[in-house]
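Let's work through a structure together, one question at a time. Have the sequence and the 3D view ready.

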Amino acid sequence: MKSLVIIPAYNEEKSILNTVADIKKNAPDFDYIIINDCSQDKTLQLCKDAGIPVINLPINLGIGGAVQTGYLYAKKNHYDYAVQFDGDGQHDAAFLQEMRDYMNAHDLDMLIGSRFIEKEGFQSSSLRRFGIRYFSGLIRLLTGKRITDPTSGMRMVNESVIKMYADCYPKDYPEPESVVAVLQAGKKVEEYPVVMRERKEGVSSISPLKSVYYMIKVTLAILVERIRRKEYKK
Amino acid sequence: MMTVKLQIIVGICLFLALTVIVYMIKKRSLDLKYALSWLLALVFVLVLDLFPVLLTKLSAALGVWAPVNMIFFLGFCFSLLIIFTLTVMLSRMAERVRKLAQAVAMNEEKLDRMGRELKKLQEEKE
């Protein structure tokens, strides 16, 4: 079973090598690819020197465009599974094997790594948790599905969802929206309890100032996604 | 009614705008495709400016008191239309640029990978 770890990276020079080492050690039968989204630091150089496969975007596309490049790569190279994995040290590669086994055993299309099932590890700030709970409620209201961690950046998908994402993926703040898209397409989505660390290096792409925009934009995006339903099912 | 003074001022402005647009098309810095809508708008306003009777009739028909306001109103509607078209085009452009960037980046990666494999093969031969 060919599996790919997609690691979007923007200015992650301090953590990218550790992230890759973690994957090599704890998920040895996963291939991995770094998507360098026009980092201004030495991310690209470090990867090339270490012989890590990297896709180097010539212009900054933002998280959505970067991750989608990974799905395009997965589709082109016929991977059976692809998993998004943050380059900043938040995620733990030890869960990757377990998640794939779980997906296999339950015949799932998508499995989201959730921090809030067993409530272990870094739980994010209370304000963020409030936002996450809001999106969780909204998604439940619109799709009837309970997703405890819709903003989780650690998500594994099978070939059918790889194809979906390669064709169409939201640009900015893509996580909740893209989950809804998959749910609307009638795919089987579950969550798996994982432990996440607090990011060691770098800053979140969501600054406090942007969070209002974030809430409004993602809410609208989810609503629009809900209307799109019929097109997807075709 | 429009005063003759206003008619002349509007006429001069239109003429200047027309000159600029034609000049830009000549220099190829403005695509004829996009210039067409501007040219049409200019000609439309020019006709109204030269024959104010048309404007008066049009305003009366639509219930606008001062014919001058009709010009402003039409100009405003037209500007909105062009701005909206532009945002639609911008969205499409952004989508195309994204796809291009992704294709370029993936080709580069493939090239890198092939280069490495080639090197490995050559080393094995030796």
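Q: Which residues does A:Leu4 touch, not counting residues up to four places away in sequence?
A: First, some ground rules: this is a predicted model, where local features need pLDDT of at least 70, side-chain atom pairs count only at pLDDT 80 or more, and totals for chains, interfaces and linings use all residues. Residues are numbered from 1 along each chain as its sequence is written, while chains are lettered from A and ligands numbered from 1 in the order in which they are written. Two residues are in contact if their C-beta atoms, placed from the backbone, lie within 7 Å. By that test, and leaving out residues up to four places away in sequence, A:Leu4 touches A:Phe30, A:Asp31, A:Tyr32, A:Ile33, A:Ala74, A:Tyr79 and A:Ala82.

Q: Is A:Val5 buried or exposed?
A: A:Val5 sits in strand S1 (residues 3-9) of chain A; strands (E, at least two residues) and helices (H or I, at least four) are DSSP runs, numbered from the N terminus. A residue is buried if 20 or more other C-beta atoms lie within 10 Å of its own, exposed if 12 or fewer, and partly exposed in between, with C-beta atoms placed from the backbone. A:Val5 has 24 other C-beta atoms within 10 Å, so A:Val5 is buried.

Q: How many residues of chain A are in contact with chain B, and which element of chain A gives the largest share?
A: On the chain A side there are 12 residues, in contact with eight residues of chain B. Strand S3 (54-56) and helix H3 (62-76) of chain A are the elements that give two or more residues to that side. The largest share, four residues, comes from H3(A).

Q: Why is helix H7 of chain A largely enclosed by the rest of the structure?
A: Helix H7 covers residues 175-184 of chain A. Its buried residues include A:Glu175, A:Val179 and A:Leu183. H7(A) is largely enclosed because its buried residues number nine of the 10.

Q: Where does A:Tyr169 lie, and how far is its C-alpha atom from that of A:Gly64?
A: A:Tyr169 lies in the loop between helix H6 (159-167) and H7 of chain A. A:Tyr169 touches A:Gly64, as well as others including A:Val67 and A:Ser178. Although A:Tyr169 and A:Gly64 are 105 residues apart along the chain, their C-alpha atoms are separated by 6.6 Å.

Q: At what angle do the axes of H3(B) and H4(B) cross?
A: Residues including B:Leu55 and B:Leu58 in H3(B) meet B:Pro67, B:Met70 and B:Ile71 in H4(B). The axes of H3 (residues 52-62) and H4 (residues 67-125) of chain B come within 9 Å and cross at roughly 85°.

Q: Where in chain A is confidence lowest, and where is it highest?
A: Confidence here is pLDDT, the predictor's confidence in each residue, from 0 to 100. Chain A averages 90, with 94% of the residues scoring at least 70. In chain A, confidence is lowest in helix H8 (residues 211-233), at a mean of 79, and highest in strand S4 (residues 81-84), at 97.

Note on methods:
Axes fitted to C-alpha atoms, helices over the stretch in contact; angles between N-to-C directions.
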